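The model is a predicted one.

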Number of protein chains: 2
Amino acid sequence: MPSRIKQLLLGDPLHNRESAHQRLSNPVALAVFSSDALSSVAYATEEILLVLILAGAAALSVALPIAIAIGLLLIIVATSYRQTIKAYPGGGGAYIVAKENLGVNAGLVAGGSLLVDYVLTVAVSISAGTAAITSAFPALERYTIVIALALLTVLAMSNLRGVRESGAVFAGPTFFFVFMMAILIVVGLFKVLTGGTIAVPAHPAPVTQALTLFLILRAFASGCTAMTGVEAIANGVQAFKQPEARNARLTLTWMAGILLFMFVGTTVLATAAHVRPGAETVLSQLARGTFGTGVLYYLLQAATAAILVLAANTSYADFPRLGSFMAGDGFLPKQLRDTGYRLVHSNGIVLLTTVAGALLMAFQGDTNRLIPLYAVGVFTSFTLSQAGMVVHWWKNREPGWHVSMAVNGAGAVTTAVVLVVIAVTKFLHGAWLVIILVPVLVIYFKFIHARYAAVFERLRITSGALSATACGEIEPLHNHVVLLVGTIDKRMIRAIQYAKTLKADSMEAIYVDLTGDSGEAMRDKWERCELGIPLTVIDSPYREIIEPIRAYVSAIPRPDVDHAITVIVPEFVPETYVDYMLHDKTSFWIKQTLFRLPGVIIADVPFRLGSES
Amino acid sequence: MPSRIKQLLLGDPLHNRESAHQRLSNPVALAVFSSDALSSVAYATEEILLVLILAGAAALSVALPIAIAIGLLLIIVATSYRQTIKAYPGGGGAYIVAKENLGVNAGLVAGGSLLVDYVLTVAVSISAGTAAITSAFPALERYTIVIALALLTVLAMSNLRGVRESGAVFAGPTFFFVFMMAILIVVGLFKVLTGGTIAVPAHPAPVTQALTLFLILRAFASGCTAMTGVEAIANGVQAFKQPEARNARLTLTWMAGILLFMFVGTTVLATAAHVRPGAETVLSQLARGTFGTGVLYYLLQAATAAILVLAANTSYADFPRLGSFMAGDGFLPKQLRDTGYRLVHSNGIVLLTTVAGALLMAFQGDTNRLIPLYAVGVFTSFTLSQAGMVVHWWKNREPGWHVSMAVNGAGAVTTAVVLVVIAVTKFLHGAWLVIILVPVLVIYFKFIHARYAAVFERLRITSGALSATACGEIEPLHNHVVLLVGTIDKRMIRAIQYAKTLKADSMEAIYVDLTGDSGEAMRDKWERCELGIPLTVIDSPYREIIEPIRAYVSAIPRPDVDHAITVIVPEFVPETYVDYMLHDKTSFWIKQTLFRLPGVIIADVPFRLGSES
């Protein structure tokens with residue numbers, strides 16, 4: 001029944017050999033891996049304006065130089081990542097690159113930063129997508145959180161189904177968004193250049209701060225959210241068709257070009273139209289002003305909402321993958337490593353959904369409140385990744401390593417500077433949370449690693465006789481057998497039959513007398529059966545059944561670790577669910593309790609009513 | 001840790017031999033078993049007035065004859081129950097009396113009716129107790145449900161501690177209530193007889209119905225709630241000190257006398273004072289009018305609230321006891337039969353608390369809405385119990401059986417007539433729910449009984465060789481041993497040591513290859529160990545571990561039921577809670593899954609890090 005539901009929701013399970021086939025063509029990969037980066041066009045310009053407006057309407061014109069600066073940064077980072085893909089065709093995420101070249105600690109900082117940022121990508125993208133919907137239909141504004149959580153659920157489900165289907169679902173909307181944005185920018189610029197106007201609401205813009213360098217840098221830092229997701233392609237090289245590296249590099253170039261055009265284009269248009277941020281998104285204002293509130297307007301809003309939801313999908317590809325890498329290295333619980341039913345890392349998907357859902361609820365689905373937490377993590381991983389690449393080229397000296405190292409060096413320095421700018425200017429607005437969280441995560445990773453290492457060490461076979469190449473002569477355990485007796489019935493007969501298959505040093509049966517007078521009756525009955533197994537009756541004046549058994553078994557002397565006590569637990573397995581409910585759970589709790597006692601082996605001998613065996 | 005908390009809340013566990021000492025002296029027994037009956041004085045008069053007021057203020061004078069009729073009924077029923085105690089010194093609850101004399105079905109109807117009424121006693125008494133508090137302090141009215149649930153919790157806890165402490169807690173308030181009521185009635189009547197007046201609020205009393213016979217009967221039926229709890233002493237004879245029967249009969253007579261005095265006295269006073277029911281309880285109005293809102297008034301309200309909460313305690317003594325009887329007979333789940341840590345039936349107490357709490361929440365703690373459901377069950381059990389006694393005397397013909405049979409016969413006829421009156425007049429107001437519920441419960445009891453009987457029959461040893469007196473020669477099982485292999489480490493060595501203690505027909509090891517390429521490596525390693533156990537590698541293209549094991553094991557041929565498959569599950573037991581969390585739960589699920597397969601025996605071989613064994 002549960003597996004039927006699983007199949008209905010998730011589709012048929014995928015065979016291991018379908019793994020290689022789960023690869024994406026370049027256009028589909030562009031859609032899957034770039035939706036995060038491309039969709040930031042929906043809020044990046046607005047975030048710049050939101051900071052600048054503090055210095056009054058006149059300050060908004062500074063947005064364009066800031067956007068151009070971010071555009072240049074984008075070119076530097078994309079070029080730098082092209083080098084990474086070349087060197088790491090197996091998938092060059094910041095975690096792997098930093099760990100291999102800068103050491104484990106740098107890798108863990110990069111990994112922790114990325115995990116945090118993936119969660120934020122989901123939360124920010126979904127809340128911005130919800131804002132696109134509520135901008136188009138202001139009546140829905142009070143359902144913000146409901147809409148956001150519904151979108152999150154759809155995303156989680158589609159990802160549990162697996163990556164190829166995700167690609168198919170996501171390709172259409174991404175290209176549709178790019179297409180609609182192109183129309184908006186071209187039509188809008190044409191209007192402006194031909195002397196037309198783009199009518200936008202005249203929100204008040206009181207001057208509350210001076211236009212200081214700090215404010216400009218803070219606006220720049222906010223705009224840098226446009227850069228999040230640029231690393232996605234480098235992390236996911238293995239999802240491309242062969243030749244993976246070449247396809248990934250090509251796709252990265254395409255993505256950077258499209259993003260540059262849309263982001264700078266939107267900012268030019270916003271500056272020309274004198275848009276001021278308000279409850280309605282900047283993009284919605286621009287679209288209404290350019291197209292009027294007609295079909296084209298609604299199409300753009302729909303495309304924006306769609307790509308933003310899909311942007312979260314980048315994290316659904318990367319978060320579980322990174323979690324699985326880190327779990328494989330023993331830095332996260334092993335449960336995150338398991339590949340699920342549909343070749344996806346189900347536990348990672350569930351974890352991501354849970355944390356992002358909690359964030360959405362905590363921040364009431366408000367994009368502007370989430371933004372200050374964002375980008376710190378991504379620029380940390382950018383910096384570590386590029387710095388790692390510099391070391392990589394230095395060590396490997398492959399042909400052309402000079403140029404590659406110079407490119408990555410420029411990337412590392414630039415992103416490091418930007419990281420400092422972001423951390424300082426957004427610190428009080430929320431970045432402090434991430435700056436504290438990442439080191440805490442690193443400590444957590446190392447703690448987990450130490451626990452696994454300790455357990456592994458203690459389970460390892462170390463003595464000469466039991467070396468890894470020859471297990472040697474393994475002696476059987478000395479075995480004292482304890483048979484738990486309740487009623488003399490078929491299940492007991494079966495347990496005795498099993499007891500007779502054991503080579504035991506000694507054997508006894510025990511019976512717990514709960515009422516103070518049933519022990520004698522049982523002893524008589526037992527003796528009449530002439531089983532040759534001595535019966536011990538244990539008094540239980542406090543009417544407990546489990547505790548006297550535990551006390552009795554733990555008091556049995558064991559000369560050394562090679563002396564075991566096998567407790568035979570006769571059980572009866574009800575045939576139906578109703579009988580199961582009517583059956584008390586004493587056996588289960590006896591097993592759970594005995595499981596903790598040193599030297600005890602539990603032989604669970606069920607008598608199944610359905611099969612009489 | 002949990003057992004420390006248990007001890008703190010519940011006290012030390014009680015030894016079986018303390019059972020006989022847990023008996024109550026007559027005054028304490030009066031307090032424990034009569035609080036239900038006595039406390040109904042707090043609402044019975046009010047319930048009569050609430051019906052009569054529909055016919056206007058003049059109709060209220062009919063309350064006195066109704067109260068006298070109920071008083072006569074009380075004398076008949078109490079006399080009748082004295083006969084029951086004589087015949088059933090071991091405890092003559094309606095369930096036992098009806099089952100023994102009228103057959104199982106009558107017993108189950110009586111049992112079901114009583115269980116329903118015990119739950120209602122808790123709900124009604126607690127809501128009426130809360131009303132006494134909110135009448136004294138009207139500002140607390142909006143916390144009605146909170147107060148009610150808090151009282152319920154206190155009750156449940158004190159009962160989980162055990163019956164004697166309950167007696168000690170409850171004796172004081174019960175006698176205090178009787179004392180305060182005596183002062184109220186004496187002072188009030190003195191005031192009225194000496195020409196004084198008892199000032200009460202003049203609530204409007206519009207005439208909405210004619211004073212028909214039906215309305216009078218309905219008022220009578222509502223007043224019959226005063227009778228609930230009269231059976232408690234007869235059910236609990238065993239809680240009295242020796243000689244139990246004599247003590248119980250004496251206590252019953254005392255209780256009936258006190259109840260009669262208080263109930264009729266209150267009704268006389270209410271009629272004389274022309275009290276009309278309102279938001280404030282009738283008793284509170286009478287006390288304010290008689291004493292003024294001073295110390296005596298607050299003392300009476302406190303005593304009323306206290307005895308009402310304690311009234312619920314009667315059910316806490318009887319519900320779990322009846323549940324335990326019925327579970328012992330196989331009509332309720334066996335879990336209700338277990339006597340807990342403090343010699344009380346803990347599961348019954350928890351069940352009663354849960355259902356009563358749900359009722360309180362559903363009815364928002366409103367006594368007047370709960371009353372129509374009440375008393376149907378109790379009069380059903382009265383009738384069946386007395387009728388059963390008639391049959392008992394007829395069959396046994398003990399000395400004086402003629403008189404006893406006549407008394408019980410009168411009781412049976414009277415209560416049967418009253419039952420019809422209650423069922424008819426309160427039907428639409430809620431009694432229908434109980435009239436439907438009791439047969440449903442009876443079907444449920446029979447269903448459970450049938451399930452237990454079926455299981456018992458199938459587990460019973462029937463063949464000649466395995467008769468109850470001699471188990472005969474039991475042959476060992478034929479055993480095919482399957483060793484689950486994961487990693488070759490210390491836990492595996494231990495599992496192999498255990499495997500060597502088994503007399504197996506055949507033995508094999510199985511390894512599940514999750515990745516498609518780890519099987520060969522394991523096979524090499526395994527062969528180098530030269531264990532003499534053949535290894536089977538199972539492919540798992542869908543990366544599942546449990547399902548391939550299940551499929552493999554269930555496909556192993558078994559010629560007959562005496563061929564078993566022992567699956568050895570090597571486990572590792574983490575030493576700390578943290579390691580436990582990091583450890584995946586695969587072994588547990590493997591065991592749960594294999595537990596359902598016919599013929600499979602599970603040998604759980606743990607390697608405990610703490611003890612190396």
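**Entry 1: the interface.** I looked up the contacts between the chains and found that 68 residues of chain A are in contact with 68 residues of chain B. S5(A) gives the most, with seven residues. Sorted by class, this side of chain A has 36 nonpolar, twelve polar and 20 charged residues.

**Entry 2: the strand pair.** I then followed S5(A) across to chain B. S5(A) and S5(B), residues 600–608, pair in the antiparallel sense over three bridges. Ala603(A) stands opposite Ala603(B).

**Entry 3: the symmetry.** How is chain A laid on chain B? I find a turn of 179° with a shift of 0.0 Å along the axis, at an RMSD of 0.2 Å. That is the relation of a two-fold axis. I also noted that 100% of the interface residues of chain A are interface residues in chain B too, so the copies meet through the same surface.

**Entry 4: helix H18 of chain B.** I checked the span of H18(B), residues 431–459: its 29 residues should span 42 Å at 1.5 Å a residue, and the end C-alpha atoms are 43 Å apart, which agrees. Buried residues in H18(B) include Val434(B), Val438(B), Val442(B), Phe445(B) and Tyr452(B). The cover over the buried residues of H18(B) includes H22 of chain A, together with H6, H13, H16 and H17 of chain B.

Methods: Residues numbered from 1 in each chain as written. Chains lettered and ligands numbered in written order. Predicted model: local features only at pLDDT ≥ 70, side-chain atom pairs only at ≥ 80, totals over all residues. Contact = placed C-beta atoms within 7 Å. Helix = DSSP H or I, 4+ residues; strand = E, 2+ residues; numbered from the N terminus. Nonpolar A, V, L, I, M, F, W, Y, C, P; charged D, E, K, R; others polar. Pairing = 2+ DSSP bridges. Least-squares fit on C-alpha atoms with pLDDT ≥ 70 in both. Expected span 1.5 Å × (residues − 1). Buried ≥ 20, exposed ≤ 12 C-beta atoms within 10 Å, placed from the backbone.
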